[in-house]
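Student: I would like to learn how to read features from a model. Please take them one at a time.

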Amino acid sequence: MMTLSEMAVDVLTTADGRQKTAKSRAHAARWSAARDAGTPIPVGGATPPLRPSRPAQPELLDPRDVPKRKPGSPQGRIALLHAVAHIELNAVDLHWDIIARFADTPMPAGFYDDWVRAAADESRHFELICACLEEMGSFYGALPAHAGMWRAAEDTAGDFMGRLAVVPMVLEARGLDVTPGMIGIFRKAGADSAVAALETIYAEEVAHVAYGSKWFHFLCGRHDTDPIVAFHALVRRYFKGPLKPPFNEEKRAEAGLPPDFYWPLAEETPARSR
Ligand SMILES: [Fe+2]
Ligand SMILES: [Fe+2]
């Protein structure tokens, strides 16, 4: 039987998107069934690849070379969903990578419960958005996608707290800021299945940010460090550039991310109306 780290490496080394998400969901189900039965699967240890396997398509381009399309057209909406699918597939790999990458750091079983559950969520998100793309006559792989998505993982491959600060607490929190606007675009276009998919994603991503905040605070407690000071130092070190307002302060608060975490890292704005 596979250890949890071996399951993670199995997902990371699977190239095809739907095969990757099917394995991800099956492994997640195995982990939770074993936990419920009181016979947990050992975390073990296995070396994750530096970069996860990905399908031959989409072609990965420098963000500057990815053509921009206006969201007011069907082609623009397909491009937007395609970008979301790419983010979700990357998120599947990110959630399994953190499990295997930092398996040497002893963590409570609840940490793995959270990351495995979130990995299963991300897998469903990818599948939901793929179904929407197919309904619109396209598919994941039809358009080029950003090449730089794995950058945050590589930059923080040696720093567990840096990974938590940058991935769930900066990147996934950013998702909470931008998703309502995206839902508005698809609602205006009457694209019901895209609205439903994005609403599911929006609701579930709050928990992912909350897992990040919870376990970041846990590790700060273990090392007796101030969470806000540590967060600011790690984000400045590993995340290039300032955070972009406007922030979804309500959902961020719900996810355990108060304003004193992110406002001091925001780019200068003339009116900070709060
Ligand atoms: Fe997601
Ligand atoms: Fe997520």
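Student: Which residues of α1 are buried?

Tutor: First the conventions: this is a predicted model, in which local features need pLDDT of at least 70, side-chain atom pairs count only at pLDDT 80 or more, and totals for chains, interfaces and linings use all residues. Residues are numbered from 1 along each chain as its sequence is written, while chains are lettered from A and ligands numbered from 1 in the order in which they are written.

Tutor: A residue is buried if 20 or more other C-beta atoms lie within 10 Å of its own, exposed if 12 or fewer, and partly exposed in between, with C-beta atoms placed from the backbone. Helices (H or I, at least four residues) and strands (E, at least two) are DSSP runs, numbered from the N terminus. In α1, the buried residues are Leu-4, Ser-5, Met-7, Ala-8, Val-9, Val-11 and Leu-12. Because 7 of the 9 residues of helix α1 (residues 4-12) are buried, the helix is largely enclosed by the rest of the structure.

Student: What do the buried residues of α1 pack against?

Tutor: Contact is the criterion here: the C-beta atoms of two residues, placed from the backbone, lie within 7 Å. The buried residues of α1 pack against α2 (17-36), α3 (74-101) and α4 (109-135).

Student: Which residues touch the most other members of the largest nonpolar core?

Tutor: In soluble globular proteins, nonpolar side chains tend to be buried together. A nonpolar core is a set of buried Ala, Val, Leu, Ile, Met, Phe, Trp, Tyr and Cys residues joined through C-beta atoms within 7 Å. The largest one has 71 residues, and Ala-8, Ala-85, Ile-99, Trp-115, Ile-129, Ala-165 and Met-169 touch the most other members. Helix α3 supplies the largest share of this core, 14 residues. Leaving out residues up to four places away in sequence, Ala-165 touches Val-170, Phe-216, Phe-231, Leu-234 and Val-235.

Student: Why does Arg-35 count as partly exposed?

Tutor: Arg-35 has 16 C-beta neighbours inside 10 Å, so this residue counts as partly exposed. Arg-35 is found in helix α2. Beyond its neighbours within four places in sequence, Arg-35 is in contact with Pro-40, Ala-109 and Asp-113.

Student: What radius of gyration does the protein have?

Tutor: The radius of gyration is taken over C-alpha atoms, and the globule rule is 2.2 Å times the number of residues to the power 0.38. With 274 residues, a compact globule would have a value near 19 Å; the protein has 18 Å, which agrees. Buried residues make up 41% of the 274 residues.
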